[in-house]
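Visitor: Please take me through the side chains closely, from the surface to the charged pairs. I would like one connected account.

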Amino acid sequence: MAVKLGEMLVRAGLISQNQLDEALEAQKANGEKLGLNLIKLGYVKEDEITQLLSEQYGVPSINLRHFEIDETVINLIPSEVSQKYLIIPINRTGATLTIGMADPTNVFAMDDIKFMTGYNVEPVVASEIAIREAIEKYYGSAHALELKKVMDEMAEAEADALEVLEEDDEMDLASLEAATEEAPVVKLVNIILTDSIKKQASDIHIEPYEKDFRVRFRIDGVLYEIMHPPMRLRDAITSRLKIMAKLDISEKRLPQDGRIKIKMKLSGKTKEMDYRVSVLPTLFGEKIVLRLLDKDNLMLDLTKLGFETESMTKFERQILKPYGMVLVTGPTGSGKTNTLYSSMHRVNTPETNIMTAEDPVEFNLHGINQVQMKEQIGLNFAAALRAFLRQDPNIVLVGEIRDFETAEIAVKAALTGHLVLSTLHTNDAPSTINRLMNMGIEPFLVATSVNLICAQRLVRRICRECKEQIQMPPQALVDVGYSLEEAPQIKLMKGRGCGGCNNTGYRGRVGLYEVMEISEEIRELILSGASAMELRRKALEEGMISLRMSGLRKITEGVTTVEEVVRETVL
């Protein structure tokens, strides 16, 4: 940083070029840092350097002489590390360790301390003289440091002489931390993360087995094997990802969740990416699944998700109402979050107060108050929803209705002048009514609060680059749901497979939607305790497009294939 610091000081007008040259000459002679030489020569003050570095790198500055550091914090970093990097631990809050640094650009020091302590590292700028004084004060003289180092080595040697027999073969933590720094590991992890973006994957699966270690990408809803890294790198790769996600690398027995945020250059453009990280202990190591959260791929235009015109009209009509409940249902990975985010984007105006309770918050949306659930401290959907009702909301989004308590508060909110958006895990729209009743909600409350239910699935789009027409017997089309008159006239399309779609014939996905608006007749059926089958029959009579019908329309339009629709829907 020497030349950089000198240039910064000259640019800031704190020293002249001649003074910098003189300090650089002194540095060559005594080997001390440039900042220290400038202070000794009287050309600049300590606090001027710390203030400049603070402003330049956006890191707070601190005067160590006004601080009394706790002994337990000092013990977190060995004396030799403190001397090597010229740093001093200042404070620990939760999983974050604040360290004073003379050089806030030294990422190697921060990484080392992160690996060593297992804490997230927050740097603050302090003057070099003040740090040296603090090291002397808290760690003692150089002789004492040397003695402590020898003692530490002896203690380690004694510890190594003991053989602890356990069921699990635990790798030495220090070796593991060192291994994560090795170039091949860092490079391999970077390749996996960037390759997943290039291949437009939605998830990365890193899986250890007894004699194998594999990486798979989920692309357009289907898993593909990508690589088999060497088994010897298994623990190092796992630890590298856990460090990036700010997780505890020494904890291998419990599941952990974290987040990785990276900035990378892709096709000449700088791209910011979020990965949601889930670590799960398995029989042969920890399986890691990373969910890619790419804001660029987030479709917030309702009209482009795949809604049929009639379904779109019904959906928009209900989300623009001032109160009531709109439910989006479907299995995990069916695009429910995207539909809800698009709905919020549609109704997000300066006059509207929108509150969301999510687990986890996948994307930050401007103008919307998003709250992350934390079950361990009692912040669940029910607790958040209760708090929301005291925050004067117009629209409330509940990530998922999982239990009676959440369902009851959501229903009451919908009945007291709020629009409530939420999700449920059901197979189709009509069965959602029965699901709410099975949770314990009274039929009259369900009938009066629910405005609309939208069930959805995602199917793969045919690749536009290699799309071609194919033939299929008319009877096969009748079997999937077409009428005898329609079947002979359908022009079926399929992707041949090309470089653009990785020879799969598919690229991207589109939604299938079943939108059931709760009419007065359906309300009466709900009040009389009608079954899901009866509700379905009535909804179809009133013009509801089922998931299979939505799929057949997409086949007719040449958007997807028969195989995709059959895989995701039933007649």
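**Side chains, exposed and paired**

Guide: Leu283 is exposed, with 77% relative accessible area (exposed means over 50%, buried under 20% and partly exposed in between, with a 1.4 Å probe and protein chains only). This is a predicted model, where local features need pLDDT of at least 70 and side-chain atom pairs count only at pLDDT 80 or more, while totals for chains, interfaces and linings use all residues. Residues are numbered from 1 along each chain as its sequence is written, and side-chain values use heavy atoms, leaving out hydrogens and water.

Leu283 sits in the loop between β8 (269-282) and β9 (285-293); helices (H or I, at least four residues) and strands (E, at least two) are DSSP runs, numbered from the N terminus. Together with Tyr209 and Phe284, Leu283 makes a nonpolar surface patch of about 320 Å². Patch residues have over 30% relative accessible area and no salt bridge; like charges are joined within 9 Å, and nonpolar side chains (Val, Leu, Ile, Met, Phe, Trp, Tyr) within 5 Å. The areas come from the Shrake-Rupley method with a 1.4 Å probe, and for residues only the protein chains shown count as cover.

Now the charged pairs. Side chains of opposite charge can pair when their charged atoms come close. A salt bridge here is a side-chain nitrogen of Lys or Arg within 4 Å of a carboxyl oxygen of Asp or Glu, and the count comes to 29 salt bridges.

One of them joins Arg132 and Glu128, at 3.0 Å from N to O. Both residues belong to helix α8 (residues 128-139), where they are four residues apart, about one turn of the helix. An α-helix has 3.6 residues a turn, so residues three or four places apart point the same way. Arg132 is partly exposed at 41% relative accessibility, whereas Glu128 is buried at 9%.

Another salt bridge holds Arg460 and Glu564, whose closest N and O atoms are 3.0 Å apart. This pair links distant parts of the chain, with Arg460 in strand β15 (residues 450-462) and Glu564 in helix α23 (residues 562-568), 104 residues apart. Arg460 and Glu564 are both buried.

Arg567 and Glu568 form a further salt bridge, 3.5 Å from N to O. Arg567 is partly exposed at 44% relative accessible area, and Glu568 is partly exposed at 24%. Elsewhere, salt bridges that share partners connect Glu207, Arg214, Arg216, Glu225 and Lys287 in one network.
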